[in-house]
Amino acid sequence: MKILIADDDPVSRFLMQRTLQKFDYEVVVAEDGGKAAEILLNSDGPRLALIDWMMPELDGLGVCRKVRQHQDDTSYVYIILLTSRQDSSDIVAGLEAGADDYITKPCQPAELKARLHTGQRILSLERRLVEAREEMRFKATHDALTTLWNRAAILSLVQGEFRRSLRSRNPTSLLLCDIDHFKRINDNHGHLTGDAVLQAVAKVLISSVRAYDAVGRYGGEEFLILLSDCEGAGLAARCEHIRATIASTLIQVGAESLSITISIGAVTYEGFSDTAPEHFIAQADEALYRAKAEGRNRTVLACPSSEGEVESPHSTLWPSQSHAYDHSAPISIQTS
Ligand SMILES: [Mg+2]
């Protein structure tokens, strides 16, 4: 385990370093308080520290305060103050500045070892708590089967992205993707196969988007994809890529290999009016409905329009932009 020693006295620093190395610690040294704080505030810096109280410029108490002030950004640092002070008021001051423990100089190796073990115990407890919290956060925002964002989380991401679009005027596109004839898969192959298909589709969807896009499980076999800064011909190409990738992927479940297809309804929000995301999701849903009605395994792009508004001039770009796209692919533009 890594440990930091901060001491302005080279001899004490060297002796302490030797002792800690004998205890099997990986030792990092700092000769002043400023450097110590900087090392400890680094996200991969040591989480255990022995800090001398008396140092020029930033003393041990200053290091404790600085580290505690920025505690939210890094995981917990367990700080032991090294001091020759024995006064109860000094000890109180040290603990109040944020030290977890103190040890008086000159320190006995056995006592030092025991106090460091206490620190390690606290740090491992803290690590387990953080892991448990992260796991809970993950479970609250992700779909258990596919590990994609769950419905509430993807809708909240859509809301945030729409607010960003409204500020920046950068287009955001929504795709509703639905697995074709999913009921048949469940009926003919069983629900376990159905689950495996959902997981396989989720995997393809995730690998088909950029790191800053988002994919969520919207409902049963329906997925909602949020593509930022994407519209027009670019959107048509992205949808078509996703559709074609799914259609050409053989899903292996046990001894069976299944070939499935999806239908996609897509819409773009251009950030010109403060319209509720639900309105655009409903438009994507209508487009998806049309993709299903027109024979499935295809994409339908809805023309963007704001609620109760005449279509903005920008939306007229859509058909002409998509003419540049290869129409042998099953894409259609919803104009109504
Ligand atoms: Mg000193």
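As a predicted model, it is read with limits: local features need pLDDT of at least 70, side-chain atom pairs count only at pLDDT 80 or more, and totals for chains, interfaces and linings use all residues. Residues are numbered from 1 along each chain as its sequence is written, and side-chain values use heavy atoms, with hydrogens and water left out.

**The chain as a whole**

- The chain holds eleven helices and 13 strands; these are DSSP runs numbered from the N terminus, with helices being H or I of at least four residues and strands being E of at least two.
- Of the 336 residues in the chain, 46% are buried (buried means under 20% relative accessible area, exposed over 50%, partly exposed in between, using a 1.4 Å probe and protein chains only).
- Among contacts with a separation of 6 or more, 66% are between residues 24 or more positions apart (a contact means heavy atoms within 4.5 Å).

**The largest pocket**

- About 210 Å³ of space lies in the largest pocket. On a 1 Å grid over the protein atoms alone, a pocket is an open set of points with protein on both sides within 12 Å along at least five of seven lines, a cavity is a set where a 1.4 Å probe fits but cannot get out, and lining residues have an atom within 4 Å of a point.
- Grid points are joined across faces, edges and corners, and a volume is the space filled by probe spheres set on the points.
- Helix H1 (10-22) and helix H5 (109-141) each bring at least two residues to the lining of the largest pocket, and H1 gives the most, with four.
- Sorted by class, that lining has seven nonpolar, three polar and two charged residues (Ala, Val, Leu, Ile, Met, Phe, Trp, Tyr, Cys and Pro count as nonpolar, Asp, Glu, Lys and Arg as charged, and the others, Gly among them, as polar).
- Proline 106 sits in the loop between strand S5 (101-104) and H5.

**The magnesium ion**

- Asp8 (OD), Asp52 (OD) and Met54 (O) are the protein donors of the magnesium ion, at 2.0 to 2.3 Å from it (donors are N, O and S atoms within 2.8 Å of the metal, or 3.2 Å for Na, K and Ca; water is not among the atoms, so sites may look incomplete).
- Along the chain, the donors follow the spacing D-x43-D-x1-M.

**The cavity**

- Searching the whole structure turns up one cavity of 30 Å³ or more, and about 30 Å³ of space lies in the largest cavity.
- Its lining is made of Trp53, Leu81, Thr83, Arg85, Asp90, Ile91, Gly94 and Tyr102. Strand S4 (78-83) and helix H4 (88-97) are the elements that give two or more residues to this lining, and H4 gives the most, with three.

**The nonpolar cores**

- In the largest nonpolar core, which has 32 residues, Leu175, Ile179, Val197, Val201, Phe223 and Ile225 touch the most other members (a nonpolar core is a set of buried Ala, Val, Leu, Ile, Met, Phe, Trp, Tyr and Cys residues joined through side-chain atoms within 4.5 Å).
- Helix H8 gives the most to this core, with seven residues.
- A second, separate core of 20 residues includes Ala37, Ile51, Cys64 and Leu81.
- Isoleucine 179 is in strand S6 and counts as buried at 1% relative accessibility.
- Isoleucine 179 and valine 197 are 18 residues apart in sequence and 9.2 Å apart in space, C-alpha to C-alpha.
- Leaving out residues up to four places away in sequence, valine 197 touches Ile179, Phe182, Ile185, Ile251, Leu258 and Ile260.

**Positive phi in loops**

- Glutamate 57 is not a glycine, yet its phi is positive, about 60°. This glutamate 57 lies in the loop between strand S3 (48-52) and helix H3 (60-69) and is exposed, with 87% relative accessible area.
- Asparagine 297, also not a glycine, has a positive phi of about 50°. The loop between helix H10 (277-293) and strand S12 (299-302) holds asparagine 297, which is partly exposed at 24% relative accessible area.
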